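I opened the model to look up a few points and kept these notes as I went. The entries follow the order in which I checked things.

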Amino acid sequence: MTATTRHARIEALTFDLDDTLWDNRPVMEHAEPTHYAWLDTELADWLAASPLGELFAGHERYAQRFPLAAYIERRLALARRHPLRRGDFTWLRERALIELLEEYGLPRSAAHLWAAAAIGHFLTLRHTLTPYPEAIPLLDALRQDYALAAITNGNADLQRLELAQHFPVVIAAGELLAPKPDARPFLAALARLGSRPARALHVGDSWKEDVLPAWRLGMRVAWIDKHDERRTDLPPGVHRLAHIRELTALLERLDGER
Ligand SMILES: [Mg+2]
């Protein structure tokens, strides 16, 4: 990458979502146990009232047989078995639940229905989130000057969030079976924005899934150092920010350096 292209005017910005535009840890810490407990309770009530109830009388409850840790372990095992799906978290969750529910003894059709219901509940909880207070005004201002895209491996569905209106292009990389750090979601986003790497900057918190792949493509990068790693080996074109609120100042500085 030549110095010239590193200094081309930035016209497109691509954004990671989780832990870049909001703090995702509390969201998941709530959604994970809550949807699983919901499944356990609702399933027990349903079984008690259904003709299947007799078969399960005296059985341990679903979540006793398969505690939350077993569900998490099953997802990890599925991701190892299906590497192309490793970033498709909704699929992994649903497959894991179907397997566990069938092993618990539910007929296949009931396992599918209950897995789908639990995923629906999970997705509702997962979208109950609050972007950083700076995020919406920031995106509002940036969209005047830049083409904006979101690239996420996660299962946040932007259409369910107020943030959606700020992103004309959204790439759900996990569902494309090409999760970051694959270069394809970045290239897909830039193609849809009509831009190219030398004219784009990616904003994200993950060194491995955001910074390195974007930088290797020749994009500039704003690394949100959420975990305060404070790396000192930043390659040229990679800029450390402690928080998304510092992005405007960085863009002004980069524009001034041209
Ligand atoms: Mg992230």
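Is aspartate 228 buried or exposed? I found aspartate 228 exposed, because 6 other C-beta atoms lie within 10 Å. The terms I use: buried means 20 or more other C-beta atoms within 10 Å of a residue's own, exposed means 12 or fewer, and partly exposed is in between, with C-beta atoms placed from the backbone.

Conventions. I number residues from 1 along each chain as its sequence is written. The model is predicted, and local features need pLDDT of at least 70, side-chain atom pairs count only at pLDDT 80 or more, while totals for chains, interfaces and linings use all residues.

Positive phi. I located aspartate 228 in the loop between strand 5 and strand 6; helices (H or I, at least four residues) and strands (E, at least two) are DSSP runs, numbered from the N terminus. Its phi is near 55 degrees, a positive value in a residue other than glycine. Aspartate 19 also has a positive phi, near 70 degrees, and lies in the loop between strand 1 and helix 2 (24-49). I noted aspartate 19 as partly exposed, since 18 other C-beta atoms lie within 10 Å.

Cis peptide. I checked the bond from lysine 180 to proline 181 and found it cis, with omega near 15 degrees. Proline 181 sits in the loop between strand 3 and helix 9.

Strand 5. I counted five of the five residues of strand 5 as buried, so the strand is largely enclosed by the rest of the structure. Arg220, Ala222 and Ile224 point one way, and Val221 and Trp223 the other. In a regular strand the side chains alternate between the two faces of the sheet. I then looked up the pairing partners (two strands pair if DSSP finds at least two bridges between them). Strand 4 and strand 5 are parallel, over four bridges, with histidine 202 opposite valine 221. On strand 6 (residues 238-241), strand 5 again has four bridges in the parallel sense, and alanine 222 has histidine 239 as its bridge partner. Strand 4, helix 10 and strand 5 form a right-handed β-α-β unit; right-handed means that, with the strands pointing away from the viewer, the path from the first strand over the helix to the second runs clockwise.

Cores. A nonpolar core here is a set of buried Ala, Val, Leu, Ile, Met, Phe, Trp, Tyr and Cys residues joined through C-beta atoms within 7 Å. In the largest, of 36 residues, I found that Ala149, Ala150, Ile171 and Val221 touch the most other members. Strand 2 gives the largest share of this core, five residues. Leaving aside neighbours within four places in sequence, alanine 150 is in contact (C-beta atoms, placed from the backbone, within 7 Å) with Phe15, Leu17, Leu158, Phe167, Val170 and Ile171. Another core lies apart from it and has 21 residues, among them Tyr36, Ala63, Leu92 and Ala115.

Helix 7. I placed alanine 111 in helix 7 (residues 108-126). Not counting residues up to four places away in sequence, alanine 111 touches Ile98, Leu101, Glu102 and Leu106.

Domains. The assignment gives domain 1 (3-22 + 131-257) and domain 2 (25-126); such bounds come from an automatic or database domain assignment. I read 34 Å between the two centres, taken over C-alpha atoms. Nine residues of domain 1 are in contact with nine residues of domain 2.

Key
Contact = placed C-beta atoms within 7 Å.
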